[in-house]
Every structure is written in C-alpha cells, then in structure tokens.
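Biologist: I am new to this structure. Can we walk through it feature by feature?

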Amino acid sequence: MRPDDDRLVPFDRIGADPVLDALASELTDAGRRARSAGRETPRAAFATDLRARLLAGLPIVAPVAGPPLDRARPSLRLPEPLTPRPVAPRIAARTPMLLPAPRWTALAIAAVVLVAVVSLGPTRLLTGPAELRAGDVAAATLSRDGVTSDLAPSEALRADDLITTGPDGFATLELGTSRVRLDGGTALRLVEATTARVELDQSAGRAWHRVGGPGVSYTVHTAEVSWTADGTAFDLRLETDPSNGGAWVRGIGIEHDVAITGPNLTATLDEGAVARIRLGRQAGSVADVALRPITDADLRDPWLIDNARRDAQLGFDPGVLDGWLAEANPTPAATPDPTVGPSLPDDPVTGSPEPVVTIAPPKPTTVPTPKPTPKPTPRPTPTPKPTAKPTPALASLGLTATACPGGFTRLAWTVAPAEKFNHYQSIRSSKTSIPAVYPPVSPGVAPDPLYVADRATLGAVDAGLEPGSTVSYRTMAFSVDDVAYAASSVKTVTAKAVTALGALILTPEGAGFSAGWAPYSGPDGCFGFYKLVVSTTDLTPSYLDGASPVWVGESAATSSTIVETLDPPDTYHVRLEAFLDTPGGKILVAQTDVADIIIP
C-alpha cells in the first residue's frame, strides 16, 4: 500500500472467538429490544453490567523497571568508511501499559462502536454538514441576512438563504447529493441541510426535488403541508385560484413514495400519482385533498421530461418517466471520432499524443551514437469557436392579461419603440418561462390572432381556451427578420367558463312581457352587449344558434327590460346572453337560465 493511498483498510477477524461472538450477539439483542421499546439507548442496568464485565478482568500492569543505564565512557574508535546502503524501515512493537493482550483491546473497541451504533443509529453517527452551492442559474437572486443580491453559478449557500427566480429565470441548487431545480417565479428557503437531513420551505412557484439517496431525510414545507421523502423524486407546484384567491399545492410522485402531513392530514403520494391540496385552511378543518393516478397529459409536460432526463444523466432512476425518456431521446447513429493525425512510425500506442522515448545506458567501451530527437505527434488543430456577441438589451413592454368568462384571454400592452418595428407577437405557453425568440420554444405557441402588424394596435384576444386551464403569455415586438427587440414580462391566468347569471324572471305585459335578471359583474373588458333572444321551437335558444333577438343592451349594469309585442298565440322560450365582439367573432360571456312565457 502506497504512503499516499488513503483508502480504508477493512478490519478482518483472524479465526473465531466465541467470547466476541457472544458479546456481539448480546449487543445486537439489546439494541433490538431498545428500538422495539421506542428508546434510543439500551437500559442503564445493561450498560453498567457491560462496563463491569469488560473492565473486571483487565489487570493493570505496573511499569517494569529496565536494566540500569551503562554510563561507562565509550572507547574512542575511528569511524569506518561510509558505504551507501538502502534505508529499510523497521517497526518495533510497544509494550502494552494497561491491556495485557490485543484480544481484549479489540473487544473493548468493538463494544464501544457497537454501543454507539445501537444508541445513535448509523445516519446520526455519520451526520455532518453538506456542501451547498448553486449550479446553473439565470435571473435569480439570493437573500441573506437582509441583503438581496444576484445569485451566481457555483455560489456557496448556507442555511436560511432564500433563493428567488424571476419570471424568466431558473436555478439549480446542489444540496450535498440532492438536487433542487427551480422554475421561473419560484421562492425557496434553505432551512437545514446536512448529509443526513434536508429541510426546505417552498413558498411560491414550481420546483423539482431529487433526493440524493437512501438515508437522507428530505422535507419540503408548502405553507402548513409538509412533504417528506427518502431517496425519491417528486415535483411541487404552488398555484393560486384567481376566482376566489385560494392557494393550492400540486405534487407529482416521480419515483417511490412521499409522505404528506399537515393539520388533520396524513396521506401518501405514491409513485405515479398526483395530489392537489388546498392551503390556508382554518385550524381544525378537514383537509381538502384530491389524489388521482398520473395521466399521459401530465407526463407530456416538458418540465417533467427535461428534469427526468437531467436526473438520468446523473445516474438517477427516472421512475414513471422512464418510457417517456426513451421516446424523447431516440438513439442517435454512431459518429466516428475525428482523425487526430499521423503518429510517428516507431512510437508505441500509449493513449497520449506525446511519444514515449526510452534512453539506453551507454556501453563502457564505446561512445554512444546520439539518436535523432523524436518529433511529437501532431495534435489536431482545434476548431475555432465563434466569439459570443452580447445580446442587445430588450426594450420593456407593459402587459396585462385578463381571463374572461367564456374561455378567452384579453391582452393589452404598451407601444413598442418605432425603430425596428415590424409586428407584435404574443406567445402562449403552459410554462411560466417564455424566451423572447421566434419560433417559440416548446411548449410555447404563437396563435395567429395574437399577431398584430399595426404598431398602434395594442391589444388582442386569445379564444378557445379550456376552462380551468392555466396559461402564460408574453408579448414581444419583432423586427423584419423575426428578432425580438422589445418584450413584456410573463403574465399567467386561469381560463374561465361562461358566467351563469341565474334565473330570468318574466312577467306578462299585454302582448309582451317584462324581464329581469342579475346583471353581469365580471371584468369590464370582457363585456360588449346583451341580447335577449326568443324561440318557439328551440328549448335552449341562443343568438349564436340563430335565435331571434328582441332586445339589445350595451350597459353591463342593466338588469331589466320590457318587450312590448310578440306574435300570439304561442309559447316562447326566452334567454338573456352577454357577448363580446372580437376580430375573430362574437364570444359568449354570460347567460341566464331559459324561461318560458305564453303569449295568449
């Protein structure tokens, strides 16, 4: 073994020792009894008895006086000529001063180690601080001791640090053997991080949590709900319901299971399951939890696939995403290595571009003939890399995104600088990170109605959204060559269904009737006009289906009207509808129930 070799040398027993075997068995049984009784250490009586037995038979050996020193003056002798000799190490055994035999030394050491392991457990015995640092980072900040600064790649982290990513930012945190990847708009605080325990507080946004391995207790707090795992991977996303201001957290089990705890809440997020939990409940209330199996739509999420791919590159099991990685990563054809260049004919193959030269010792009777100096193997000329040019700073656009009833979003933005202008294009995405490029980066799309060629037109409507779906938008101004030179921040909304206005009250009035209803009270920019429609044949009349309008109103606050004349005698099916007129057509925003009236 080399002096610089710091590998651990295993401790091997030589032969069998019944005393040691009996002691090991007794200590194992004591530890098992302690753990089954819920104690961290064996009983005091057992420890006292063990100490007495170990030390009772150990005699204390008094130091033995050695022979008296010979202080006679040595005779003077001339030194012999010095002859160089190799230095040989010599190891001398030291006489034991307390323990009479190595057998009992090993016995005592084994007892101490076993008692420590029984009492503390292996993870607590080896616990220490973990190495904490940032990995790849963009548009993220670090808040520490009341001071906020830009987070830099490879920057060292510590407990109580708060990391926040901007809407277009991201960050990877390396917490010992564990990894956390933050999406845009995420806030995460490091509560504690050691080699055996990681505790985090995620207060906003989305994060992928990869636990380093078995033996690491990993807990993430999302308000009053905690997620605890051991050697697993899971994804957490905090969401806000704009209709009522409620907060939710969604968890996806990627590999193995995760324990969920909170007030009046105990559940398990299994691998391949999705949990959605309402936050901010009143104390003592029953938890609002929805658990369901993961679907193909969930697994198609590019955020999940990208993180699973990165985990697989680090050697982790991608869990339920294993099959999706195979589809997303087709095996590329093998590419031959580039030819490095010709080698010298006499050079051995050493794996190094430098030749190996052997120098022969000179002969005593001849003068050595100098050999020609070998030339090194030519190295390949590296391909010059293009010098990165700084990306011009984007001008800022203001953007508002309003989720309107009826499954559409109304966008409004500020005017872009006139220089370079060719058109506006708003990008819609299921992710909150939308790069300012065209074509858009998946899953981003560029709907045609969100393309505006007139610089003075500062709005557009995105229709046909699934109610309840969450979408994000970013508006950009492009030059003629599709290069963005101005962009807004990302705005996120949840699509809304058509608003139900409730009952329509009809009262006969001569040959007609009066009508009353609860007026529309949604966002102003989503309302255009009312239409009161009637039909004698359609039980669910609608203006969009051809029903006849008998009254039109342009004020959202209107709550009644009178229809003076209808053709008698007949039964009329009546409904009030609210619309918004857009470049893509009329969109139904709200409607009442259908009411019937007989005109005699």
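Biologist: How many disulfides does a search of the whole structure find?

Modeller: A general idea to begin with. A disulfide is a covalent bond between the sulfur atoms of two cysteines. Keep in mind that this is a predicted model. Searching the whole structure turns up 1 disulfide. Cys 404 and Cys 526 form it, with sulfur atoms 1.9 Å apart.

Biologist: Which parts of the chain does the pair link?

Modeller: Distant ones, 122 residues apart. Cys 404 belongs to strand E17, residues 399-404. Cys 526 sits in the loop between strand E27 (512-516) and strand E28 (529-535).

Biologist: Are Cys 404 and Cys 526 buried or exposed? And what is the handedness of the link?

Modeller: Both cysteines are buried. The link is left-handed, with -70 degrees about the S-S bond.

Biologist: Now the cores. How many residues has the largest nonpolar core?

Modeller: In soluble globular proteins, nonpolar side chains tend to be buried together. Here the largest nonpolar core has 40 residues. Those with the most contacts inside it include Leu 151, Trp 227 and Phe 234. Strand E1, residues 132-144, gives the largest share of this core, 5 residues. Another core lies apart from it, with 29 residues, among them Leu 501 and Ile 587.

Biologist: Next, a helix. What should the 12 residues of helix H6 span?

Modeller: Count 1.5 Å a residue, taking one less than the number of residues. Helix H6 covers residues 302-313, so it should span 16 Å. Its end C-alpha atoms are 17 Å apart, which agrees.

Biologist: Which residues in H6 are buried?

Modeller: Trp 303, Leu 304, Ile 305, Asn 307, Ala 308 and Asp 311 are buried.

Biologist: What is found at the start of H6, and what just after H6?

Modeller: At the start, a side-chain oxygen of Asp 301 comes to within 3.0 Å of the backbone nitrogen of Trp 303. Just after the helix, Gly 315 has a positive phi of about 95 degrees.

Biologist: Last, a sheet. In what order do the 3 strands of the open sheet run?

Modeller: The order is E26-E27-E30, and the pairing is antiparallel. Strands E26 (505-509) and E30 (560-563) stand at the edges. Each has a single partner strand, so one side of each lacks a neighbour in the sheet. From one strand to the next, the twist averages 20 degrees.

Biologist: Over how many bridges do E26 and E27 pair?

Modeller: Over 5 bridges, in the antiparallel sense. Take Thr 507: its bridge partner in E27 is Ser 514.

Conventions. Residues numbered from 1 in each chain as written. Predicted model: local features only at pLDDT ≥ 70, side-chain atom pairs only at ≥ 80, totals over all residues. Heavy atoms only, no water. Core = buried A, V, L, I, M, F, W, Y, C linked by side-chain atoms within 4.5 Å. Buried < 20%, exposed > 50% of the residue type's maximum accessible area, 1.4 Å probe, protein only. Helix = DSSP H or I, 4+ residues; strand = E, 2+ residues; numbered from the N terminus. Disulfide = S-S within 2.5 Å. Polar contact = N/O pair within 3.5 Å; in protein donor to acceptor, adjacent residues only side chain to side chain. Pairing = 2+ DSSP bridges. Axes fitted to C-alpha atoms, helices over the stretch in contact; angles between N-to-C directions.
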